[in-house]
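Biologist: I would like a close look at a single part of this structure, followed by an account of what lies around it. Please keep to what can be read from the atoms.

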Amino acid sequence: MTTRRESSDKVPETTNKKLPRRDFFKKSGTAVASAAILAGSLSACNFQAKNKSKTKKRLAMVIDLRKCYGCHSCSIACKSEFNVPLGVWRSWVKTIDKGKYPKVKRSFLPRLCNHCENPPCVSVCPTQASHRDDEKGLVDIHEERCIGCKMCIVACPYDARFSHPTKKVANKCDFCIHRVEKGVVPSCVNTCPSNARIFGDLNDPDSEVRKLVDTNKVQVLKPELDTEPSVFYIDLDEDAVGGHITT
Amino acid sequence: MIDIYYNVFHKVPWDYWIPVYFYFTGLSAGSFVLSSLFTVFGLKQFKSLAFTAGISAVILLLFAPIFLVLDLGQPFRFWKVLVPWYFNPYSVVSWGSWLLTIYPIALLIYCWYMFKENEKMIKIFGISTLPLAIGVHGYTGFVFGLIQARVYWYSAVMPGYFLTSAVLSGIGLVIIITLIKDKLLGGSTLSELFTPLKRMMIVIIMLDLFWIFCWKITLLSGTDEARASALISLNDSLYIFGVLLFGMLIPFFLLIYPKTRNSVRWLVVSSVLVLIGVFLMRYTFVFTGFEIPLS
C-alpha cells in the first residue's frame, strides 16, 4: 500500500506539463476509439449476464402431477386458443404405462415450453427472433423477424418447438401472454379441472408458484442440461422424461 | 417395463437441402485448400491445379447458399441474418451467414487475380481466403457440435471431422475435374500429380477414420441415448455400406493394394466412391441425429 501511494504522489509532477494540442487530439481520439471498442466487446460478452441481472419477471408454472389424471383438457384448450393446425402441438400430455398387467401404473406428464432461463433455442437463433423477454418474463418469438431456419427447433432439448405449417415460422407455447397481460391465467391453467396447473411470477415472493416451489419437492425436465426451466413438476416420475430406447 | 402410451413428436424440421448444402460448402472449401497448396504454400507441383480448383470452389459456393435459402420457411427473409443489429454472437449460424457472404467475395477476387496472373495479389488473397474457407466449412461442424440436445452430434470432433471430410471430397472432385480437363484439352496433369494426390487421399481417409473411431467410441461409452444413437447408425446399412465400406474402406484399399495403386483409373474410381461416400456421410449424419426422441 505505501509503495503504491508514493508512486501516485509522483504522478502529478510528470503530467503537469502542457500537452501540445495535436497530441491531445491524437491521444483523446485513440482513447475514445479504444473505449468504444472495449464497451462494444464488453456489451457483447455480457449480453447474457446483463439480461440475468435485469430480470424483473419470471413467469412460471407448477404442475402438480398428484392431481393430474390425464384428461388432455389442457391440450384441447391450447389447440382452440391458438387455432393450432393439425399435427403440431404447443401443449400435450405424455402418457406412459409402467409394469405388466395386472401390476400396471400409468403416469402423466403434461408438456409445454419450459420457458428456460438459459434457453438453448435463444442462443442458436441467428436473428434474435427467439428471445427471452425479461419485461414479460418468458421466452418468446418475434414472428416477423423469424426466417424459418428451424435452428431453434433442432436445439430445443424438449421438442417443444415446431415449424408452424401455415405461418412458416417457429412456433411454441407462449404462456398465453395475450391473456396474462390482461390479467387472466393461460388457457390450459384456466381449463384444468383438477387445478393441477398453477401459474404465476416466480420472482414475486407472494405468488402461489413461488410458495409451491419453495415448499415442495419440485423437479424440472432434464436438469443436467442446465437450461433452468420455469415449468416445475411436483411428484415427477423420472421414467416419464425423455425418449426410451432399448439398446 | 415402460410403455409410451401417448406422446407427441414433432416432425424432423430440416429437409434434404441441408445435407446437400453441407456437401457443397465442403466441396468448395476442399477445392480451395487444394488450390492454396500452390498459391499460399508455394508447392510448385500443384501449380497446374490451382486455377481449376479455385474456379470450382467459386462455382460450388455460388450454389451452396441457394440450398440453404431453399430450406428456410421464409426464404425471402434470408437477408435478416445479415442485419447487424439482429446479429447474435452466441449463434453459430449468425457467424456462418457472415462467412458465407464474405468468403465468396474473397474467393472471386482471388480467382480474378489468378486470371490476371498477378502473383503478389494471388498470394495476399490466398492467405486471407484460407481462414475463411476453413471457417465456412468449420462452422457447419460447430452448428452440430454445439447442440447439446442431440447426443449424436454433440461432440468436439465435429469441426475437425467436417473439415477433413471436406478436404477428402475436394480432392475427389478436383481429380475428376482434372481428368475431364485432360480429356477435353489434352494434357497429362492428372498423371503428373498422381502420386501426391493419391498420398493425400490416403492420409485424409486415415484421418477421417480416426475421427469416426474417436467419435463412435465416445458415443458407445456414453449415456443410454448416446449409445443408442451410435447403434442406430451402426445398424443402418446406408451408413455401414455407403459411408464406411464404399465411401472409405474400398477407396483406401484401392489406393494401397499393389495391383491397383499405380493406375490412374483406380484413382478416379476411388474419387467417385469418396465423393458419394462423403455425401452419404453428410446425409446420414444429419438425419441419424434426429432419430433419438427428445420428449
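Biologist: With which side chain does the side chain of A:E117 make a polar contact, and at what distance?

Modeller: The partner is the side chain of A:R132, at 3.1 Å. A polar contact is a pair of N or O atoms within 3.5 Å; within protein, one must be able to donate a hydrogen and the other to accept it, and residues adjacent in sequence count only if both atoms are side-chain atoms. The model is predicted: local features need pLDDT of at least 70, side-chain atom pairs count only at pLDDT 80 or more, and totals for chains, interfaces and linings use all residues. Residues are numbered from 1 along each chain as its sequence is written, chains are lettered from A and ligands numbered from 1 in the order in which they are written, and side-chain values use heavy atoms, with hydrogens and water left out.

A:E117 sits in the loop that links strand 3 (103–111) to helix 5 (120–124) of chain A. Helices (H or I, at least four residues) and strands (E, at least two) are DSSP runs, numbered from the N terminus. The relative accessibility of A:E117 is 15%, so the residue counts as buried (under 20% relative accessible area; over 50% is exposed and in between is partly exposed, with a 1.4 Å probe and protein chains only). Setting aside residues up to four places away in sequence, A:E117 touches A:R58, A:R132, A:T227 and A:E228, where contact means heavy atoms within 4.5 Å.

Chain A as a whole has 9 helices and 10 strands. Of its 247 residues, 48% are buried. Among contacts in chain A with a separation of 6 or more, 58% are between residues 24 or more positions apart. Its accessible surface is about 13400 Å², with 55% belonging to carbon and sulfur atoms; such areas come from the Shrake-Rupley method with a 1.4 Å probe, and for residues only the protein chains shown count as cover.

Some backbone details of chain A deserve a look. Most residues other than glycine have a negative phi, and most peptide bonds are trans. The bond joining A:Y101 and A:P102 is cis, with omega about 5 degrees, and A:P102 lies in the loop between strand 2 (92–100) and strand 3. A:F175, which is not a glycine, has a positive phi near 55 degrees. This phenylalanine is in the loop between strand 7 (170–171) and helix 7 (177–180), and it is buried at a relative accessible area of 1%. A:K222 likewise has a positive phi, about 45 degrees, without being a glycine. A:K222 belongs to the loop between strand 9 (218–219) and strand 10 (231–234) and, at 11% relative accessibility, is buried.

Buried residues make up 55% of chain B. Of the contacts in chain B between residues at least 6 apart in sequence, 76% join residues at least 24 apart.

Two residues show the interior of chain B. B:T39 is in helix 1 (residues 17–39) and, at 7% relative accessibility, is buried. Its side chain reaches the backbone oxygen of B:S35 at 3.2 Å and makes a polar contact with the side chain of B:Y110 at 2.8 Å. Beyond four places in sequence, B:T39 is in contact with residues including B:A50, B:M114 and B:I122. B:P104 is in helix 3 (residues 92–116) and is buried at 14% relative accessibility. The C-alpha atoms of B:P104 and B:L62 are separated by 7.2 Å, although the two are 42 residues apart along the chain. B:P104 touches B:L61 and B:L99, residues up to four places away not being counted.
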